[in-house]
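Please look at the chain below from one end to the other before reading on.

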Amino acid sequence: MNQVDRSRPPPSEELRRWRLTGPDELRSLRASLHQALSGTRPADHRGLDEVSGRIALVATELATNALQHGLPPTTVRLLRHEDRFVLDVADHHPGGAPFLTALSLAGHRGRGLPIVRAMALNLGWYEDGDVKHVWASFPGARDSAAAIVPDR
């Protein structure tokens with residue numbers, strides 16, 4: 001197992017925030033993230049564009065980990081730093097450092113962080129009091145910044 005780098009994301013502007021209390025909220029998180037990034041809700045027959053899809057997938061993986069291993073609530077934040085999006089997922093389990101495990105076709109657990117590492121530009125984690133944050137960054141904020149729909 002490899003530990004995820006302990007680091008903070010670059011100073012960023014918060015674009016949107018979601019508060020999750022259970023796994024039944026993951027589907028609406030994905031749809032809301034897509035809406036925040038593109039201004040539209042995805043239709044059932046249409047996939048997300050590449051960056052939106054990667055961010056939505058990573059948000060789902062990190063939020064699932066936080067809901068399974070941390071204490072509620074889980075907070076998901078979409079941030080912007082210059083030409084990058086940063087996704088920050090927080091839970092209340094600061095002692096539980098995230099670890100990357102070797103991918104196994106036999107098991108269904110332990111695939112989340114390797115997927116995140118493959119999809120994101122950077123992956124890190126840090127503690128802030130009794131809250132653990134796991135974050136990932138993605139390209140495209142400069143081009144997509146106009147599409148961000150403010151949280152209402």
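Two residues are in contact when they have heavy atoms within 4.5 Å of each other. The structure is a predicted model, in which local features need pLDDT of at least 70 and side-chain atom pairs count only at pLDDT 80 or more, while totals for chains, interfaces and linings use all residues. Residues are numbered from 1 along each chain as its sequence is written, and side-chain values use heavy atoms, with hydrogens and water left out.

The chain has four helices and seven strands. Helices (DSSP runs of H or I, at least four residues) and strands (DSSP runs of E, at least two) are numbered from the N terminus. Starting at that terminus, the order is β-β-α-α-β-β-β-α-β-β-α. Among contacts between residues at least 6 apart in sequence, 67% join residues at least 24 apart. Of the 152 residues, 44% count as buried. Buried means under 20% relative accessible area, exposed means over 50%, and partly exposed lies in between, with a 1.4 Å probe and protein chains only.

Now to the helix pairs. Axes are lines fitted to C-alpha atoms, for helices over the stretch in contact, and angles run from 0 to 180 degrees between N-to-C directions. For α1 and α2, the axes come within 9 Å and cross at roughly 145 degrees. This crossing of α1 and α2 is right-handed; a crossing is called right-handed if the near helix is turned clockwise from the far one by less than a right angle, and left-handed if anticlockwise. On the α1 side the contact is made by L26, L29, R30, L33, H34 and L37, and on the α2 side by residues including I55, A59 and L67. The contact of α1 with α2 divides into 10 nonpolar residues, four polar and one charged. Here Ala, Val, Leu, Ile, Met, Phe, Trp, Tyr, Cys and Pro count as nonpolar, Asp, Glu, Lys and Arg as charged, and the others, Gly among them, as polar.

Helix α2 (residues 50-69) also packs with helix α3 (residues 112-119), at an angle of about 150 degrees and with axes 9 Å apart. Angles over 145 degrees count as roughly antiparallel, under 35 as roughly parallel, 65 to 115 as roughly perpendicular and the rest as oblique. The pair α2 and α3 is therefore roughly antiparallel. The crossing of α2 and α3 is left-handed. Its contact involves R54, L57, V58, E61, L62 and N65 of α2, together with G112, L113, I115, V116 and M119 of α3.

A nonpolar core is a set of buried Ala, Val, Leu, Ile, Met, Phe, Trp, Tyr and Cys residues joined through side-chain atoms within 4.5 Å. The largest one has 29 residues, and those with the most contacts inside it are L29, I55, V76, L78, L87 and F138. Its largest share, seven residues, comes from α2. Not counting residues up to four places away in sequence, L87 touches I55, V58, A59, V76, R77, V134, W135, A136 and F138.

Two single residues remain. T74 is found in strand β3 (residues 74-81). Is T74 buried or exposed? T74 counts as buried because its relative accessibility is 0%. Beyond its neighbours within four places in sequence, T74 is in contact with W18, R19, L20, A63, A66, L67, V89, A90 and D91.

E25 lies in the loop between β2 and α1. Its relative accessibility is 22%, so E25 counts as partly exposed. Residues up to four places away aside, E25 touches R19 and L20. The C-alpha atoms of E25 and A63 are separated by 9.8 Å, and the two residues are 38 residues apart along the chain.
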